[in-house]
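Subject: Structure for your files

Hello,

Here is the structure I said I would send. My notes on it follow below.

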Amino acid sequence: MTAQIALATGSFILTLIAAMILSTLSITLVRYASSGGPVYLERDRRALRLLKEWLTPEQLTCYERFRYFEVIGSDTGTRFRIHHGTQTNIEELGSGDRLVCKWCFGPDGNLAPGDVMLAQKIALETNERGALAVANRSYFRPDGVAFRRAA
Amino acid sequence: MAIQIVMDRTGDTRHTFNPYDRAAVEKAEKRFMELIGAGFTAAARTGPGEQRVVRNFDPTAEETLFYPRLVGG
């Protein structure tokens with residue numbers, strides 16, 4: 001009799017655990033499907049492919065190694081480092097790779113990082129002043145804290 | 001074949017056309033004007049990693065990329 005009770009209790013607990021796992025799995029799958037997960041992965045992949053097609057061989061080598069590449073501003077000859085990302089991902093470099101400030105601008109809309117970085121590259125290489133005119137700039141105090149003002 | 005690449009939420013949308021087909025060129029020019037009118041910037045690839053901004057439709061450009069208006073982040 002005791003063995004039967006133990007068996008029934010064990011079966012009940014196992015069934016309960018299985019039900020919890022299944023419900024958790026279902027919720028995860030529904031959330032993943034509604035977030036458009038695969039679509040985002042595909043668009044990011046496409047955008048990165050496009051970016052790589054438009055980089056110079058040197059920029060491509062640098063990006064694949066360090067996840068950033070550098071461009072020269074068309075108007076001032078300033079060197080900018082564009083990091084992988086979509087926001088405040090552009091560093092203005094001074095002599096000796098010194099960080100002067102960070103810039104934040106990009107194409108309107110919710111675009112993938114590859115697209116954003118490509119638009120930033122083209123804008124800085126062809127119309128530096130126009131691009132920076134709409135950008136926001138962040139400076140850094142010696143203690144590393146960022147502060148921002150409109151460019 | 002020439003190609004117009006438009007950045008969008010899917011990554012990009014690509015439109016190829018035959019530059020020797022008059023109807024196709026007219027359609028490409030119409031698309032160019034619509035995108036420019038909507039605030040896009042057009043850049044034609046001129047070499048590996050090199051590009052120039054184009055403000056008028058150039059039927060001889062093999063690859064033209066359109067990106068949306070720039071905004072501060």
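**Chain A: layout**

Read from the N terminus, the elements of chain A follow the order α-α-α-β-β-β-β-α-α-β-β. That is five helices and six strands, where helices (H or I, at least four residues) and strands (E, at least two) are DSSP runs numbered from the N terminus.

The model is predicted: local features need pLDDT of at least 70 and side-chain atom pairs count only at pLDDT 80 or more, while totals for chains, interfaces and linings use all residues. Residues are numbered from 1 along each chain as its sequence is written, and chains are lettered from A and ligands numbered from 1 in the order in which they are written.

Of the 151 residues in chain A, 25% are buried. A residue is called buried if 20 or more other C-beta atoms lie within 10 Å of its own, exposed if 12 or fewer, and partly exposed in between, with C-beta atoms placed from the backbone. Among chain A contacts between residues at least 6 apart in sequence, 44% join residues at least 24 apart; contact means C-beta atoms, placed from the backbone, within 7 Å.

**The core**

The largest nonpolar core has 36 residues, and A:Leu51, A:Leu118, A:Ala119 and A:Ala131 touch the most other members. Helix 4 (residues 113-126) of chain A gives the most to this core, seven residues. Such a core is a set of buried Ala, Val, Leu, Ile, Met, Phe, Trp, Tyr and Cys residues joined through C-beta atoms within 7 Å. Setting aside residues up to four places away in sequence, A:Ala119 touches A:Gly106, A:Pro107, B:Met7 and B:Tyr67.

**Where A meets B**

In total, 31 residues of chain A are in contact with 20 residues of chain B. On the chain A side, helix 2 supplies the largest share, six residues. This side divides into 16 nonpolar, 10 polar and five charged residues; Ala, Val, Leu, Ile, Met, Phe, Trp, Tyr, Cys and Pro count as nonpolar, Asp, Glu, Lys and Arg as charged, and the others, Gly among them, as polar.

Strand 4 of chain A and strand 6 (residues 70-72) of chain B run antiparallel and are joined by three bridges; strands pair if DSSP finds at least two bridges between them. A:Phe105 has B:Gly72 as its bridge partner in strand 6 of chain B.

**One residue in chain B**

B:Arg14 sits in strand 2 (residues 11-17) of chain B. B:Arg14 counts as exposed because it has 12 C-beta neighbours inside 10 Å. Apart from neighbours within four places in sequence, B:Arg14 is in contact with B:Ile3 and B:Ile5.

Regards

Terms used:
Two residues are in contact if their C-beta atoms, placed from the backbone, lie within 7 Å.
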